[in-house]
Amino acid sequence: MAAHLKKRVYEEFTKVVQQQHEDLSTKKLRLTKPSKSAALHVDLCKATSPADALQYLLQFARKPVEVESVEGVVRILLEHYYKENDASVRLKIASLLGLLSKTPGFSPDCIVDDAINTLQNEKSHQVLAQLLDTLLVIGMKLTENPSVRMRLVDVACKHLTDSSHGVRNKCLQLIGCLGPVEKGVAKEAESQAAKDVQKIIGDHFNDQDPRVRTAAIKAMLQLHERGLKLQQAIYNQACKLLADDYEQVRSAAVQLIWVLSQLYPESIVPIPSSNEEIRLVDDAFGKICHMVSDGSWVVRVQAAKLLGSMQQVSSHFLEQTLDKKLMSDLRRKRTAHERAKELYSSGEFSSGRKWGDDAPKEEIDTGAVNLIESGACGAFVHGLEDEMYEVRIAAVEALCMLAQSSPSFAEKCLDFLVDMFNDEIEEVRLQSIHTMRKISNNITLREDQLDTVLAVLEDSSRDIREALHELLCCTNVSTKEGIHLALVELLKNLTKYPTDRESIWKCLKFLGSRHPTLVLPLVPELLSTHPFFDTPEPDMDDPAYIAVLVLIFNAAKSCPTMPALFSDHTFRHYAYLRDSLSHLVPPLRLPGRKLVSSPVSPSIASHEDPSQQFLHQSLERVYNLQHLDPQGIQELLEFTIRDLQRLGELQSELAGMADFTATYLQCQLLLIKALQEKLWSVAAPLYLKQNALASAAAKQILEETYKMEFMYSGVESSQVVIIHHMRLQAKALQLIVTARTTRGVEPLFGMCEKFLQEVDSFQRCFISELPHMQGSFVDKLLDLMPRLVTSKPSEVVKILQTTLRQSTFLHLPLPEQLHKATANIIEPTGESDNPLRFTSGLVVALDVDATLEHVQDPQGTVKVQVLYPDGQAQIIHPKPADFRNPGPGRHRLITQVYLSHTAWTEPCQIEVRLLLAYNSNRSKASAKMPKPTWSESLEALPQSENGIEGTIPFSKAVKVYIMPKPARR
Amino acid sequence: MPEIKVTPLGAGQDVGRSCILVSIAGKNVMLDCGMHMGYNDDRRFPDFSYITQNGRLTDFLDCVIISHFHLDHCGALPYFSEMVGYDGPIYMTHPTKAICPILLEDYRKITVDKKGEINFFTSQMIKDCMKKVVAVHLHQTVQVDEELEIKAYYAGHVLGAAMFQIKVGCESVVYTGDYNMTPDRHLGAAWIDKCRPDLLITESTYATTIRDSKRCRERDFLKKVHETVERGGKVLIPVFALGRAQELCILLETFWERMNLKAPIYFSTGLTEKANHYYKLFITWTNQKIRKTFVQRNMFEFKHIKAFDRAFADNPGPMVVFATPGMLHAGQSLQIFKKWAGNEKNMVIMPGYCVQGTVGHKILSGQRKLEMEGRQILEVKMQVEYMSFSAHADAKGIMQLIRQAEPRSVLLVHGEAKKMEFLKQKIEQEFHVNCYMPANGETTTVFTNPSIPVDISLGLLKRETAIGLLPDVKKPQLMHGTLIMKDNSFRLVSPEQALKELGLAEHQLRFTCRVHLQDARKEHETVLRVYNHLKGVLKDYSVQHLPDGSITVESILIQATAHSEDQGTKVLLVSWTYQDEELGSYLTSLLKKGLPSSTA
């Protein structure tokens, strides 16, 4: 058989070689790229020792093989395989076969037989295992072919009796991945002596090697994943595996039990050593709970994770997981949680603890106590107390999932979650706070619990505090004392960490709107009003007072009786806050203030409309009045810009829109101003100095256009075209100015050329938008294009000048949503007078903490710039992990910037700011362009347009005082 | 039958003075060598005369193992080694070796300098004793001599506490010392692999208790301290220098760090500083958090906790002070207590149990007016809190450890008899293993069933496994071979090799049996009938009809002859070798039943 095979292989191989020869004779050009198969063959024949051959194979494996030559290579390898005596070379060949059959586009049908045949005479276990692995790869590529799969599975079954664990391992893996899943196929196959895969795999659950046992369980899980319904009979086997000596086996067994419990939740299993029976899912739950106190933490993590997804479990089983059945000296003892609850319900508040307060109460019947086999008892108590934080996190996650599906469980697990707020690892604390937030719909916090929760507000980690604010946003509090407590603690938080201001206000906003009735009785106290006396008016700029007002106003929204309790200044403050912090203060119907709110209907939309209207009106005005005298235009533009900027400050929702248009108008204004310059009418050489203004304007317009294009999210192609148009105008201006100030024509040639190319690419890019641009600069320019191309530079400049002056300015359509990317550096604050001292030549780390809003892909675009007093600038790319995403459109950058410098004589300030990097390659215009245009213009796009990179500073610069000291000798 | 004998010299149905003698496979090991806190006479040390009346202990003991540095586990060590006389090896972990002499010296000072006892061990003796100590690492197998080996496992409880496995050949004992199955702020939980010892000797201090989650207690403690400090009050925490004190320090330190608190925390100096130094060094013995973060900052390098000076007690403003001793009976803690007791803003937190008669016990039981020396009446206005932080495994923890180690029997020490009784019953009921609880001086004998290793030649093993189906670990398997016992070793070899080695010729043993068969036919017809019958019954065997008129089934020969007297009876001669005994006897019984008539 083998001899025959060899012959056949050799035949086919020679065919390949002949083709090579043909190639050689006919197409000489191909010679430079000889096929890999030929090269390999030559190499392998040259190899004198196995080590040599191995080297050749290793080299060969480094380069990819073209699809066409894969089969040839495989044949050569196989031929060599049969000749080779050294096991390591055969091993390498076997692994190469696997690699080759992975080549995309190659269908390994043709080599299946050969690959299977190689198995027959192989003695080395390692090589066998590798060959089976290759077969697995082949099988995975041919999943559509059931007969091949059946053959492979048969082969695997045959080798299951091998004495090496590696081979059995691979066999099981293969069966798991390729074994028949559909019932029909299995029946057909029975005639071909194919057996029940599940049984074959199940037999290996008791293999002597733990690795094989693991592989068997994994194969079973694989079958499950592929859609085979596992038999319930495996359950008992799997349960036995839970007591295995090896952690991988236990870990896999836990998974298997979980799978089975999901498949047969309702079937009944007997409890050993008693006549009772319980549901399978409960039994499995108990068993997995048991594994939470396993010796290996890997298993514990696994078990704790899986517990979370067993939602069908009966509630009394579930609740047991939180009850450890405390006792002391054989007497029943209550947990601290129970005591706290009792203390709370008895109305006593924080009495000093007495010695023996936790003394145990009733006696326990010794017979009834069951220390180990109590199944689910206290599983979560153990899990949450575990040594490894991985286990604790898994337990918290599981708690979260179970609590989401069972409100009563949520109520019970609250105490434990609250306890986790004190964990030593921040990650765990954060996770438990998030968990609590997720289940907060199901729960109401008791006062003592709230107390513990609020204690965490003093945590020095900002993440924790913010998570806690989020949590408070959606918690239910049961009493007015609770609200008061929360407010007091939040205010304490505010004084301790003033940077939390926004987050705390937001938190109070929700707290107020959720509990209007609880806030109502607190109002007089909170506003410190007095029935008889006038109290002094509080300071309006005090963040704490604002916080209180935010709480009250939000509560008043759904509590119409509340405003009656306000004093005069409260109304005034309302009006002020409604304007300045409109996102925090809701519109109220105030009795005495009809004039303020009554003219428009009380819906929210009405408040947005006027400002929106105003925005549109002012723009309308500008666009309509463009034919006034230049002086008028300038003034109007100036006013409008001022109005828009003011509007942006007042109305945060419209800030993006207003700023965007203001910038555009600013560009227009600059352009008009530049064109008004006297220099145009005077002979060039005389006004060399004054043209500084015009060139500066051109430069500024360019900058502003980049800002418009890249700093706003939501910009659409209709805006992009206008921006590009503006940029084109700026470039034209630049060209004209240069033409007027430079002598000689030579440099102008290049510039004109470039400019014309840009006009050309503009036309290509925005061809669909051109019809909308009647009468614009570019429109006119394109009309004149034929003339421009042929004329001299001086001519071109002249034409440009006139068109520029004659062109109308374009109407900028506004998109629905426009947001400006902003950044705010929270830390360093820039207020410190103490210089940061470090030895020169060494490095000092500066913590930078900033919030970013509306930045798309911050990981790629946001950079930190450090500017030293000597003008040296340094740009730092923060790590992707430094960015967090607390909400949609919001990002937070927490990073460290390393500073270093040579020694200074005295401390000096450096500037730190954030930059937004842009690259016109990534520009939204090109991405959003219609497909045909894109493909056409792709090749023709000039390089200059293709790769403009730059940065826009988009945060205020913060000054940091540093002092590099000279190194001590 | 081999046996393991265990005799507690201390800690048998008692807490304190841990000292357990174990003899296992001819080796004698002493586990722990502690003193008893409750006695000041001879009873405070174990009675070493039990081991030998005269002669040095070295001759009777192979080694001594100390589980951790608490005095009730190591307090008698210098007395034992220097005064009674023992020169053999003493094993303990590195942290125990480092901290143990500090505590012994402290103990010596109190007994000799303060109480004025004579005939007590000296500083030099402590030093000499420590020279005999061999330090071991966790999970390191130490070969005490050729047969005896010991291995340490992590036990939690205090820094450096370990459980020890003592192993001779296949027999083994695990001694837990004191251990803790729940991690705390500075130490991890005890862990042991499935080592399946013959005997597990475990402590049972909290045999009848199932403890609440630690987190509640911690949270309570922190809240109390935080509230008092915020009010501007002072907090006094009386502690013993080692163990819990470090846990509480870590707890407060991290809390201060987290909450950004500024109030000072002081630790009254003394031996604590030295001990803290060792805590810093032995980071690998602490819990996950400390181990993982020590690269940035060693948690025991306290930022907020500073050394205490007497003068600080009068400073205004809030502060937290840890002071020794823990029961407020003397020393610095009592001095500070007197100063602060009058102010209701202050607080004292007792983190442990207090012996009757101490100030600590009085205030815990609610006494508000204390009579001090010199007839002074001290009115206690400060708040008094009790927090229990214990580092022993509770009943569940003990069961969990037993489950992890899967011992064949369990022995309880270090606990009260009544409580042990309960736990014993539970262990027997739930694990179905024997459980013992000897009193001091009482010997418990545990019979073991050690497996005896036998060498087998690879050829034989392969041959035998090839015959059977898949090898199954859990089931015994039959195999043919010859056991050779020679020079204290056992070997299983194939019979041929055994014969060769012994220089013996092979003898063949053949069984022959005659079966009478009632059949009137001719001989060869009978033979044919028999052949057909056998062929029908023994489908899986090769049954052959030889030309000479005999039948072979595998190697069994059957011949038929007519009976010399009765021609109607045929005699079947069945002959088989010893190796085919099974088949041969089956065949005879088959033939004895006669041939089925249907073939006739």
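Met485(B) counts as exposed because its relative accessibility is 59%, where exposed means over 50% relative accessible area, buried under 20% and partly exposed in between, with a 1.4 Å probe and protein chains only. This is a predicted model, in which local features need pLDDT of at least 70, side-chain atom pairs count only at pLDDT 80 or more, and totals for chains, interfaces and linings use all residues. Residues are numbered from 1 along each chain, chains are lettered from A in the order in which they are written, and side-chain values use heavy atoms without hydrogens or water.

**Exercise 1.** Identify the residues that touch the most other members of the largest nonpolar core.

Solution. Among the 176 residues of this core, they are Leu135(A) and Leu256(A); such a core is a set of buried nonpolar residues joined through side-chain atoms within 4.5 Å. Its largest share, 11 residues, comes from helix α29 (residues 543-557) of chain A. Another core, of 130 residues, lies apart from it and includes Val136(B) and Met299(B).

**Exercise 2.** State how far apart the C-alpha centres of domain 1 and domain 4 of chain B lie.

Solution. The distance between these centres is 71 Å, with domain 4 covering 510-593.

Methods. Domain bounds come from an automatic or database domain assignment. Helices (H or I, at least four residues) and strands (E, at least two) are DSSP runs, numbered from the N terminus.
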